[in-house]
Each structure stands twice: as structure tokens, then as C-alpha cells.
Amino acid sequence: MVYAGLAAHSLSILLPMAKKTPKLKGNILPRSLSISLAGARAGGALAADSLMQRVMGRDSGDSHSRFARREAEKFVQELGRLKGTYIKIGQMLALFGEHFLPAVLVDALRDLSDRTEPLHWEALAPSVRASLGERYRELDIDPEAVAAASLSQVHLAKIRDSGEWICLKIQYPGLAKLIDADFDAVVRMLLLARWVKAGRDLDDWLSSMRVHLHNEIDYRREARYTEEVAALLHDMEAPLVDYYVAELYPQYCTDTVLAMEFIEGVPVTDPSVSGLSQARRNALGKGMLALFFCEVYRWGVLQTDPNFGNYLLRLDDRRKREARDDLVLLDFGSVLDCPEDFLLHMRNTIAAGQQQDRQGLVDGLIGLGCLKRDASDEARRLFADFCLHLLEPLRPPGQLPAEYLNAKGEYCWGRSRLMRRAGKQAAVSSASRHFATPSRDFALIARKLTGVYNFISALDAQFNAYEMVESHIRLWRERENHGA
């Protein structure tokens with residue numbers, strides 16, 4: 001299967017060109033009015049449902065009532081109808097909204113599809129020509145998009161002088177002017193529908209989400225992190241797998257166009273991957289986990305969107321024992337440059353979890369803002385149990401659950417169903433009155449770790465991670481002791 005080097009998260013769905021010419025909806029008033037009316041309708045309907053529940057003697061706070069589910073689904077349908085930035089905002093709410101939105105709405109938002117019709121080239125060409133300037137003449141751009149999503153679409157282009165094919169990730173015209181207005185409209189809807197209550201915690205989260213959204217359309221930032229991570233990987237000592245970052249073509253990169261090389265590869269879910277030997281799948285799994293710990297313990301730069309579409313595998317076609325596959329990293333639109341104090345608490349939390357040090361875990365969680373300093377002993381136990389559960393694969397081999405080990409005593413990531421078990425425990429923790437809404441940075445780290453685990457599970461890899469993680473922690477502590 002051939003994938004473009006830019007066919008990442010939101011661009012991983014290959015679509016045929018639509019026959020009609022979709023237009024980006026640029027009239028802000030009707031868009032925001034439509035979503036506000038949806039919010040007002042939902043608010044009135046939910047208020048009526050709440051009154052009816054009280055009359056019938058039921059819990060008026062039941063957000064899982066059939067009525068609530070129906071209103072949540074209607075709202076999500078409205079987001080899907082408006083398309084564009086509304087879909088992206090809805091997807092962000094699905095990812096982070098579990099910390100401040102009713103579960104019934106988060107569940108509905110998770111069904112929001114990024115699949116969209118691409119703009120016809122005639123609607124896109126003027127903005128691309130203006131963005132590239134004289135460089136536009138150096139390219140023969142295929143007018144048929146190979147991928148499309150809520151914020152951009154991908155086209156192949158040939159450099160006329162060299163005949164080389166590259167990929168252009170092209171942002172939709174006028175998008176930057178719409179984002180804030182659309183975001184504000186969605187927030188108004190949430191308030192009108194009474195799905196959220198105004199307050200400092202909500203304001204902090206929404207502010208963080210707005211920054212995150214703007215980062216996704218900041219192509220200069222994405223290009224900078226693409227080059228930075230490529231350099232970090234190049235200097236990596238004895239990597240467990242060969243990493244590769246798609247090469248940029250700076251002369252064709254602008255505020256609204258990102259140009260990268262065309263890469264052939266397959267996603268981790270491709271049937272050919274499951275046919276690889278256990279050793280090769282283990283190597284790829286170890287490579288993904290090692291990358292995460294390099295980001296946390298060495299670089300402090302974390303790619304926080306571990307969607308399967310953001311990675312490709314270039315499989316070595318040699319049928320020999322030394323066959324070595326490439327893990328290709330595609331998308332750097334969602335990168336967190338971690339603050340030092342956050343990194344310190346995060347590193348200490350992981351290290352304590354690996355050693356099953358409950359007090360160290362509690363101290364780390366308090367430092368991360370995920371546990372109140374005056375939390376009860378019950379709350380401390382609850383949160384520590386959850387983290388110990390989440391960090392299960394990092395334990396010493398003798399402390400791993402026997403039911404998830406193979407005959408060699410190796411942890412079977414797929415069989416463990418770790419994330420499903422962790423999800424159930426998280427639901428119990430979040431229901432506690434001691435639950436503190438985590439910071440955006442912590443939520444991004446949790447999202448990253450979940451994606452890494454799912455990637456390794458998709459490989460059906462079987463290996464123990466203790467020694468790998470221990471080496472990263474040991475080297476980090478040595479650097480700390482020497483003031484490096």
C-alpha cells in the first residue's frame with residue numbers, strides 16, 4: 001500500500017475526488033447561529049427532562065438518560081453537518097472532554113468522523129498560488145487530492161526540474177480566521193445546553209484546547225518540530241529499530257502549505273504486519289516504547305497524537321534473520337514542549353510506578369496537579385492503584401501478572417487488554433469526590449501512553465519492558481546527580 005508522507009492522523013483516510021465542488025463555509029454568522037440554536041434547543045430539552053426525572057422520583061443528574069443520549073447525538077450530527085473546524089473541535093472534545101463533559105456527550109463525540117469531501121482544485125488553487133508565489137511554477141500539482149480531512153487536504157506534486165514527487169499538505173483557505181469564532185460558538189452551545197458550567201477550571205481547559213487547535217494549523221511550528229525530532233533521532237545511540245522522519249522541502253513550505261517527501265509504507269494494522277515473525281514485531285513494539293521514554297526522559301519534546309495514521313512501517317523485504325524494519329514518523333502538528341517542573345514530576349511518577357512505590361506515586365500526582373494535597377487516604381489509594389495498573393507492563397518480570405505471560409515469561413501486550421482494564425478503573429477514580437481535573441499536559445501524556453500501548457498491542461508484541469525503562473530512569477538520575 002502506498003501512503004503519502006503527510007497522510008497522518010487526520011489525513012490517513014484516502015478518498016476519491018468528489019464529483020461536486022464542496023465549498024468551505026466561510027460565513028461565520030450562520031455557522032455560529034446554527035450551533036447556538038442547537039445548544040439552546042438541547043438546554044431546554046435537557047432541563048425539561050431533568051424536571052420530568054424529578055417528578056418521577058429519579059435522579060435528575062442522570063446524564064445517561066435516553067433523552068440525554070438523543071440530544072447529545074443531535075448535537076454531534078450538527079457538528080458533522082457544519083464540517084470543517086467544527087469536526088476538529090468535536091474530536092478534540094472527544095479526546096479531552098472526559099475531564100469536564102458528561103460521559104454521554106463524550107461517547108457521542110467519539111463517533112464524529114473526520115471523513116470529508118476534498119475541495120476541488122479550482123477552489124484551492126488561488127490560495128496555494130498566493131502562498132507559494134513564484135515557487136508555484138516549479139511544481140506540477142496533481143489536482144486530485146489523495147487525502148482530505150477537517151483542516152487540510154493532501155496533493156501529490158512533481159518538481160519539474162528533477163521529476164521528483166513530493167506531498168503537499170494544504171490548509172483550507174481562510175481557516176485561521178474561522179477557528180476562534182467556531183470554537184467560541186461551540187463553547188456557547190455547551191453552556192446553553194448546560195453540559196458544562198462556567199468556572200476557572202473550564203476556562204483553563206478551553207484555553208489550552210484553543211492553543212492546541214492553533215498549533216495544529218501552525219505549519220511553521222510543525223516544520224520546526226519535524227526537523228528537531230529528525231535531528232534527535234539521528235543522534236540516538238543504538239536504537240532498537242530504525243526510525244525515519246519524512247524529509248521537508250523548505251522551499252515549498254509556507255504558513256499554509258507543508259511540503260514533504262513521498263513515502264511508501266504500511267500502517268501497523270495492515271495484514272502484512274501480522275505476518276511478520278514474532279521477533280520483528282517485538283522489535284517494532286520495543287522501538288515504539290523506547291521512543292516514548294526518550295521523549296520523556298531525554299528530550300522533553302513529546303509528539304502527543306499517537307494515532308495509528310501518524311506512523312508508517314517500511315518493511316524490510318529481505319528474508320533473512322537480520323531483516324530490520326523502519327518505523328516512520330509522519331506528523332508533528334501536535335507536539336508538547338514540556339516544562340521542566342512538569343517533566344520532573346512526570347519522570348518521578350513513572351519511576352515510582354515502576355518500583356510500585358505508592359508514596360512516590362502520590363507525591364508525583366500531587367506535583368502534576370492530579371491529586372489534591374489535602375486528599376484523603378482513600379483518594380490517595382485510589383489514584384495510586386490506577387497508576388500502578390496503568391504502568392503494569394513496566395514492572396520487574398517477577399511481578400508481572402502470570403496470566404498475561406507466554407511460556408518464556410514475556411508480557412503479551414495484546415492478550416493483556418491493559419487499556420480496557422485501565423479504562424474501567426479510571427471510571428471508578430473519576431467518580432470519586434476527590435477527583436481533581438488533570439492539567440492539559442498530563443492529559444496529553446496519558447493520551448500518548450495509551451496510543452503507545454495500543455500500537456504495541458496491535459503488533460501483538462511479546463516482551464518485558466523493565467530493563468529498557470530502568471536504563472532510561474538510571475541515566476536520567478545520573479544526569480540529575482551530575483547537574484547535566
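**Rings, charges and a helix**

Mentor: Let's start with a charge and a ring: the charged end of Arg224 sits over the ring of Tyr225, 5.7 Å from its centre. Keep in mind that this is a predicted model.

Trainee: Okay! And which residue lies over the face of Tyr244?
Mentor: That's Arg314, at 4.3 Å from the ring centre.

Trainee: Nice. How many aromatic pairs does the structure hold?
Mentor: There are eight aromatic pairs. One of them joins Phe292 and Phe293, with ring centres 5.0 Å apart.

Trainee: Is the pair of Phe292 and Phe293 stacked or edge-to-face?
Mentor: The planes of Phe292 and Phe293 are at 75°, so the pair is edge-to-face; the cut-off for that class is over 60 degrees.

Trainee: Are Phe292 and Phe293 buried or exposed?
Mentor: Phe292 counts as buried because its relative accessibility is 1%, and Phe293 is buried at 1% as well. The cut-off for buried is under 20%.

Trainee: What does Phe293 form with Tyr297?
Mentor: An aromatic pair that is stacked, 6.2 Å centre to centre with 25° between the planes. Tyr297 is buried too, like Phe293.

Trainee: How far apart are Phe293 and Tyr297 along the helix?
Mentor: They are four residues apart in helix α10, residues 278-299, so about one helical turn separates them. In general, an α-helix has 3.6 residues a turn, so residues three or four places apart point the same way.

Trainee: Switching topic: what's buried in helix α12?
Mentor: Helix α12 covers residues 358-367, and its buried residues are Gly360, Leu361, Val362, Gly364, Leu365 and Ile366.

Trainee: And what do those buried residues of α12 pack against?
Mentor: Two helices, α11 (340-354) and α13 (377-390).

Trainee: Which residue caps the N-terminal end of α12?
Mentor: Asp357 does: one of its side-chain oxygens lies 3.3 Å from the backbone nitrogen of Gln359. After α12 comes Gly369, with a positive phi near 80°.

Trainee: Last one, the whole chain: how many helices and strands?
Mentor: The protein chain has 17 helices and ten strands. Of its 484 residues, 55% are buried.

Trainee: What about the accessible surface?
Mentor: About 22300 Å² for the protein chain, with 50% of that belonging to carbon and sulfur atoms. As for contacts with a separation of 6 or more, residues 24 or more positions apart account for 73% of them.

Key: Residues are numbered from 1 along each chain as its sequence is written. This is a predicted model: local features need pLDDT of at least 70, side-chain atom pairs count only at pLDDT 80 or more; totals for chains, interfaces and linings use all residues. Side-chain values use heavy atoms; hydrogens and water are left out. Buried means under 20% relative accessible area, exposed over 50%, partly exposed in between (1.4 Å probe, protein chains only). Contact means heavy atoms within 4.5 Å. Accessible areas come from the Shrake-Rupley method with a 1.4 Å probe; for residues, only the protein chains shown count as cover. A polar contact is a pair of N or O atoms within 3.5 Å; within protein, one must be able to donate a hydrogen and the other to accept it, and residues adjacent in sequence count only if both atoms are side-chain atoms. Rings of Phe, Tyr and Trp (its six-membered ring) pair if their centres lie within 6.5 Å; planes under 30 degrees apart count as stacked, over 60 as edge-to-face and the rest as tilted. A charge sits over a ring if NZ of Lys or CZ of Arg is within 6 Å of the ring centre and within 35 degrees of the ring normal.
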